Amino acid sequence: MPTDIAAAFSVVASVALLASMSLLGVSALTRFARHLDPLERFAYGAPIGMVVGTLAFVPIATVTGFRVEIVVAVGFACLLGASVLRYGRAAYQGGLGIELGEVLARRRARPRELSLWRVMRTRVSLVPTVVLGAIVVRLAVFWRSALTLRPDGLYAGHVALWGDWTVHLGIVSSFVYGGNFPPEHPRFAGHAFAYHYLSDLTAAAQVTLGMDPASALALHSFVGSAFVLLGAYAFARRLTRDSRTATLAVVLFLVGSGLGWVATAAIAAQTGDLIGTLTTRPWDFQNQGHLNLQLVTTFFGFIAPQRAYLYGLPIAFAVLSTLLIAGRGARPGRRLFVVAGVIAGLLPLAHLGTLLALAIVTPVLFLLFPSRAWAWFFGTWVAVALPQLLLQLGGGAGALSAIRIQLGWVAAADPWPWFWLKNLGAFAPLFLVAIVGRRWLRPRTKRLVIALSALFAATNLIVFQPWDWDDSKLLVYWFLGASIASAAVLVRLWRTSPSIPLRAALVVIVVSMTLSGALEDLHTLEGHESYRMLSTAEIQLAAAVRATTAPDALFVVGMENHDAIAMLTGRRIYVGYANWLWTEGIHYLDRTAEVKAIYLDGPETAAVLAARHIDYVVIGPHERDVLHADEASFRARYPILVQVGPYAVYDVRRAGS
């Protein structure tokens with residue numbers, strides 16, 4: 001099959017796989033969650049279906065291997081499950097044909113005044129459609145250039161992708177090329193994989209269908225971020241009961257931020273060249289750090305680089321919406337609490353950050369909506385999630401072992417009020433107005449926003465992971481509530497005050513809340529955010545290693561973040577990049593010391609290599625210049641398996657041969 005045709009077929013097959021898994025989730029919510037409106041069932045159900053379908057790969061691939069036949073079978077099983085959920089026995093008794101016939105008959109019988117066009121005009125709001133449609137187009141442009149292969153190597157289209165997607169490429173490769181089932185840590189061989197890897201396993205399934213890892217990640221991210229967009233809109237619309245308020249809330253949530261734009265304005269004022277500043281350096285990440293502006297935009301800081309949010313956010317929307325409805329009335333029923341518990345139970349392998357966020361928020365919701373029926377939610381959640389969590393963490397605490405009290409989060413360089421004022425800008429006063437006032441938010445919505453505020457309080461008191469900045473992963477959900485509250489105040493003021501000066505002031509406020517995100521997006525769109533991840537020689541090295549080594553081979557590499565063996569081969573790494581291992585709560589110092597000694601090739605090296613069952617050692621520029629590898633000694637003692645440019649792979653199983 002010609003290369004272009006094969007590539008196109010792999011994309012079509014991948015889209016079909018994502019669609020079949022999505023249909024399973026949408027059908028499940030249609031069957032069991034009729035309390036949600038159609039848009040919610042679609043926007044939340046599709047990612048939930050991907051989670052369920054991807055979960056199925058883990059036990060099946062552990063037994064049979066991760067092959068294209070398995071991926072196709074799971075895809076068809078998802079379609080079958082969706083049909084059963086939607087039609088029941090009728091799916092096998094002519095029900096699909098009968099259903100289609102009934103739909104066509106109803107359409108023919110519909111009065112002319114209820115034509116499809118009229119229904120679209122009356123039910124589809126223009127402003128949300130235009131705004132959300134424009135965002136989807138921008139997402140398509142962004143993800144098209146997320147990872148690009150150029151003559152001199154692989155490039156990332158944003159610094160966050162350059163930093164984080166080394167991990168995601170490595171996880172995808174470990175599943176596809178390394179047969180990493182049951183999953184163990186790909187960058188710390190033999191250790192439990194205490195990570196939310198499902199979003200990467202979905203992309204890995206696309207690779208088995210013929211896509212390359214970079215394209216699979218980009219395609220899945222585009223689809224997932226579009227569902228997050230729709231889900232955030234549906235969630236905000238439920239809370240505000242207003243489509244325009246929901247639209248503004250989504251914009252604020254995705255690209256809203258604090259006063260980082262002031263740094264760009266200062267540069268423009270200093271140079272006297274606004275146009276030049278906007279075309280050459282509209283955003284400067286270094287300046288943001290110097291100003292202690294730590295709250296990054298949700299899309300560029302979390303959704304794009306930290307892919308687990310593609311599943312975590314829609315699950316959170318579904319859980320919180322269901323709990324809000326379940327708590328309605330004096331005597332809530334248990335069914336919806338059970339449904340919410342089952343959905344929340346999908347989180348351990350989907351997104352640990354969302355799991356922790358809900359663990360903080362839901363007890364507060366219980367206090368605000370008290371009922372004995374909550375026991376059904378917590379009981380179901382624990383029953384579904386705990387076995388996964390124990391298996392995932394391998395009996396340890398993972399990153400939570402570093403939990404500690406740290407007042408003020410990362411505001412130490414500034415007075416706490418000033419830190420949050422400059423990091424939040426107008427979000428801070430608008431949020432306070434919405435919470436203190438009585439007319440801005442519906443009572444139940446206000447209680448939910450207050451519950452989300454428990455995350456703000458918790459992260460300003462406690463650090464939950466080794467790196468204190470990682471608490472921002474929890475703040476995403478508080479910021480969602482703050483965005484909805486701020487949008488409610490702004491839209492209400494606009495509608496109730498026809499004064500031109502006031503409306504002009506409201507426009508200025510919205511611009512100030514979104515300008516930082518807009519400048520960062522402009523910086524990216526202009527091509528300034530382009531960073532090389534791997535050189536052509538490193539890509540060729542990875543291909544040669546995949547072709548000449550066993551999938552379960554164990555490698556010693558130079559412990560860099562951007563390492564071709566760790567990113568593209570799927571082979572096990574004895575110890576990888578220390579900063580990633582540190583953030584996951586892994587004790588890596590003993591191994592890094594061993595690796596440094598291995599590269600020096602001292603008298604104990606051969607014994608260490610044999611005791612750790614290491615198969616290959618890679619020596620390249622980093623290993624020579626930073627780790628001071630004794631390459632002459634390696635050449636004398638071990639044969640070279642692969643040589644690509646400045647990179648050599650030594651077969652340390654065959655000393656002296």
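User: I'm new here. What does "buried" mean?

Analyst: A residue is buried when its relative accessible area is under 20%, exposed when over 50%, and partly exposed in between, using a 1.4 Å probe and protein chains only. F337, with a relative accessible area of 0%, is therefore buried. W374 is buried too, at 2%. Please keep in mind that this is a predicted model, where local features need pLDDT of at least 70, side-chain atom pairs count only at pLDDT 80 or more, and totals for chains, interfaces and linings use all residues. Residues are numbered from 1 along each chain as its sequence is written, and side-chain values use heavy atoms, leaving out hydrogens and water.

User: How are the rings of F337 and W374 arranged?

Analyst: Rings of Phe, Tyr and Trp (its six-membered ring) pair if their centres lie within 6.5 Å; planes under 30 degrees apart are stacked, over 60 edge-to-face, and the rest tilted. Here the centres are 5.2 Å apart and the planes at 55 degrees, so F337 and W374 form a tilted pair.

User: Which other rings join up by pairing?

Analyst: Ring pairs link F57, F66, F175, F181, F193, Y195 and Y197 into a cluster. In total, the structure holds 36 aromatic pairs.

User: And how do I read a charge over a ring?

Analyst: Look for NZ of Lys or CZ of Arg within 6 Å of the ring centre and within 35 degrees of the ring normal. The charged end of R591 sits this way over the ring of F188, 3.9 Å from its centre. For R546, the ring is that of Y177, with its centre 4.6 Å from the charged end.
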